[in-house]
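Trainee: I would like to learn how to read strands, sheets and cores in a model. Please take me through one case.

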Amino acid sequence: VQLQASGGGLVQAGGSLRLSCAASGRSFSSYAMAWFRQDPGKEREFVAAVSASGTVYADSVKGRFTISRDNAKNTVYLQMNSLKPEDTAVYYCAARWGSKLITPSDYTYWGQGTQVTVSS
């Protein structure tokens, strides 16, 4: 599985962005998909994940971010609303076969990352 993330950019606090992650390969619907983010010098942080059984979010983004997937397009999305400066990071999409988990080491496939910068 190859993952290609896009949609990052510079936005003012309170604004919105939508990230996309296009996946290659078969059986996309059988993969749990997730978004993580990482600031320089910090550990990679879980943001959200989606699988056939539903979604899960980090407390820091709950109510502001929405993860969704379009299995016909092999794509997962992260709609980010009410962005805050602390959301600034490189965002990575990830995939694993089976159920959704929240630890980076549980994910097998990773995209290249897309930068999100939120100005105050």
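Trainee: Which residue in E3 is the bridge partner of Ala5?

Mentor: Some ground rules come before the reply. This is a predicted model, where local features need pLDDT of at least 70 and side-chain atom pairs count only at pLDDT 80 or more, while totals for chains, interfaces and linings use all residues. Residues are numbered from 1 along each chain as its sequence is written, and side-chain values use heavy atoms, with hydrogens and water left out. Strands (E, at least two residues) are DSSP runs numbered from the N terminus. The partner of Ala5 in E3 is Cys21. Ala5 itself belongs to strand E1, residues 3–6, and E1 pairs with E3 in the antiparallel sense over four bridges. Two strands pair if DSSP finds at least two bridges between them.

Trainee: Is Ala5 buried or exposed?

Mentor: Buried means under 20% relative accessible area, exposed over 50%, and partly exposed in between (1.4 Å probe, protein chains only). Ala5 is buried because its relative accessible area is 4%. Beyond residues up to four places away in sequence, Ala5 touches Ser20, Cys21, Trp35, Cys93, Gln112 and Thr114; contact means heavy atoms within 4.5 Å.

Trainee: In what order do the strands of the open sheet lie?

Mentor: The order of the four strands is E1-E3-E8-E7, with antiparallel pairing. E1 and E7 stand at the edges with a single partner strand each, so one side of each lacks a neighbour in the sheet. From one strand to the next the twist averages 15° (axes are lines fitted to C-alpha atoms, and angles run from 0 to 180 degrees between N-to-C directions).

Trainee: Which residues make up the covered face of E7?

Mentor: In a regular strand the side chains alternate between the two faces of the sheet. For E7 (residues 65–70), Phe65, Ile67 and Arg69 form the covered face, and Thr66, Ser68 and Asp70 the uncovered one. Six bridges join E7 to the antiparallel strand E8, residues 75–80. Thr66 has Gln79 as its bridge partner in E8. The E7–E8 hairpin has four residues between the strands, and Asn74 takes a positive phi near 55° there.

Trainee: How many residues does the largest nonpolar core have?

Mentor: Nonpolar side chains tend to be buried together in soluble globular proteins. A nonpolar core is a set of buried Ala, Val, Leu, Ile, Met, Phe, Trp, Tyr and Cys residues joined through side-chain atoms within 4.5 Å. The largest here has 35 residues, and Met33, Trp35, Leu78, Met80 and Tyr91 have the most contacts inside it. Elements giving two or more residues to this core include E1, E7 and E8.
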